[in-house]
Amino acid sequence: MPHTLPLTAPAVCSLPETFYSRIRPEPLAQPYWVAQNHALAAEMGLRPSEIFDNPDNLLYLAGSAPAYDPVPIATVYSGHQFGVYVRQLGDGRAALLGDSTGGGQRREWQLKGAGKTPYSRFADGRAVLRSSIREYLCSEAMHGLGIATTRALALTGSNDAVYREEAETAAVVTRIAPSFIRFGHFEYLYHTGQHHNLPVLADFLIEHHFPECREADNPYLAFFQTVSQRTAELIAAWQSVGFCHGVMNTDNMSALGLTIDYGPFGFLDHYDRRHVCNHSDSGGRYAYNEQPYVAHWNLSRFASCLLPLVPEGALIDELERFPEAFQTAYTAKMRAKIGLQTEEKTDGELIGDMFAALQGSKVDFTLFFRHLANVGNTHGEPLPQDLAALFQGPADAFVHWIGRYRGRLRAENSNPETRAERMNAVNPLYVLRNYLLEQAIEQAKNGDFREIERLHRCMQNPFEARREFADFAERPPEWAGGICVSCSS
Ligand code: AMP
Ligand code: MG
């Protein structure tokens, strides 16, 4: 049976050939499905059975088909990794298979872990099952949270060995996105002196993803403004759910403002502004509270690549606007999280002081906002018990803060019932905590993929409490404190 994937040649192939190489995925032996995303298939205008019941599609999406048509490609990019420029990175283990247009949107299909490419450097082009489960589930969890992200259509595995700290097994994620272009793609063209290709790449993105920029006096400046704004909104969204990316190198920054490259990410369990989720990040460059600053710095790297296209002063002006754009997006998200309906100039301070009062109290970030929803307006009323129970350290500063918060609620005549409903619609009850992933990964290593499916189903709608997922809403157990995620993938 031939494969039935609705793929056409990647639009990216219209770019100059310096930008990519044609590649051939390297087959894995006897691949099997680990996860199938039926919901995404349907969004893409596909019948899930048509995609997932065909053994040739399985081979195709594991990189193991005898032939690939259209011809897959890998693209080249550079990047600043931990602040240091690295000239040649690129899709070292990603194969862009082609595009589909179903569901009213053009989407690119990419296999991650399907073998070596000209950009693999000394690495093996593979991805292990553990990290692939993390990517598959977290991209879908982020989507469930309403946060812009690459998606995951399928996860295939094979018993072929992949060597990291120890022997593990291989897996391939089918990633889906409107575009996988990163800041790093521009950095490559700029820093290798291919300035004539910068407008070609920018025009490509404008044509396919930012058509409104065409009308502007300088479309390239408008393009940068849009990327900057989207990045501000993306990071505000991350901060609002306690998401730490872990490796915010410029090559992991999407030009479309999507969350991309799920590595040693983590959601905050207890609130700690200095939390570092990546074990290898000893300096805390990518700590939770650093993410907005890093995004700004990354945008400055990106802006410098547009110098041949946009006057320097205009780029600097735009960069200088970023902190405010971020703050506006962040404050709006946080206002909604604490249930405010009106805007006051002092809201930023109120929110900042709330977090200052939480620092050191070991309060679970996610559950805090769910329980905050049950605070009444009345001055002096005791805190709801489940909220008070979250504090493992002094709560005095928080009790003081609650007084101000209640004053603010009364001033806008907040109705406690409708406020709780509103808050629960924006504050997730479930996030993809590392220990939940660990459990699913352990079971998957033993050939049982049911927990992956259960987590996926839960995270598709993380706001609605459901009895069958009660265990996912609990505070992490003691042993989870020791989980440490490295870059190894
Ligand atoms: P990352 O840290 O995952 O964002 O990857 C940084 C760079 O290393 C990118 O160019 C990746 O394609 C490449 N890379 C990471 N892991 C591998 C691997 N196992 N094989 C080939 N290239 C890899
Ligand atoms: Mg990367």
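## The pocket

Here, a pocket means an open set of points on a 1 Å grid over the protein atoms alone, with protein on both sides within 12 Å along at least five of seven lines. A molecule sits in a pocket if more than half of its atoms lie within 2 Å of its grid points. In this predicted model, the space taken by ligand 1 is the largest pocket.

## Who surrounds the ligand

Ligand 1 has 17 residues around it (each with a heavy atom within 4 Å). The closest are Gly90, Gly92, Asp124, Gly125 and Asn252. By type, the shell splits into three nonpolar, six polar and eight charged residues, with Asp, Glu, Lys and Arg counted as charged and Gly among the polar ones.

Now for some polar contacts, meaning pairs of N or O atoms within 3.5 Å. Gly92 puts a backbone N or O atom 2.8 Å from an oxygen atom of ligand 1. Arg93 has a polar side-chain atom 3.2 Å from a ligand 1 nitrogen, and a side-chain N or O atom of Asp261 is 3.4 Å from a ligand 1 oxygen. On its own, ligand 1 has 480 Å² of accessible area (Shrake-Rupley method, 1.4 Å probe), and the protein covers 80% of that.

## Two domains

An automatic or database assignment gives the chain domain 1 (11–180) and domain 2 (184–336). Their C-alpha centres are 23 Å apart. Where they touch (heavy atoms within 4.5 Å), 36 residues come from domain 1 and 40 residues from domain 2. Each domain also gives at least three residues to the shell around ligand 1.

## Reading notes

Residues are numbered from 1 along each chain as its sequence is written, while chains are lettered from A and ligands numbered from 1 in the order in which they are written. Local features need pLDDT of at least 70, side-chain atom pairs count only at pLDDT 80 or more, and totals for chains, interfaces and linings use all residues, while side-chain values use heavy atoms, leaving out hydrogens and water.

Terms used
A polar contact is a pair of N or O atoms within 3.5 Å; within protein, one must be able to donate a hydrogen and the other to accept it, and residues adjacent in sequence count only if both atoms are side-chain atoms. On a 1 Å grid over the protein atoms alone, a cavity is a set of points where a 1.4 Å probe fits but cannot get out, and a pocket is an open set with protein on both sides within 12 Å along at least five of seven lines; lining residues have an atom within 4 Å of a point.
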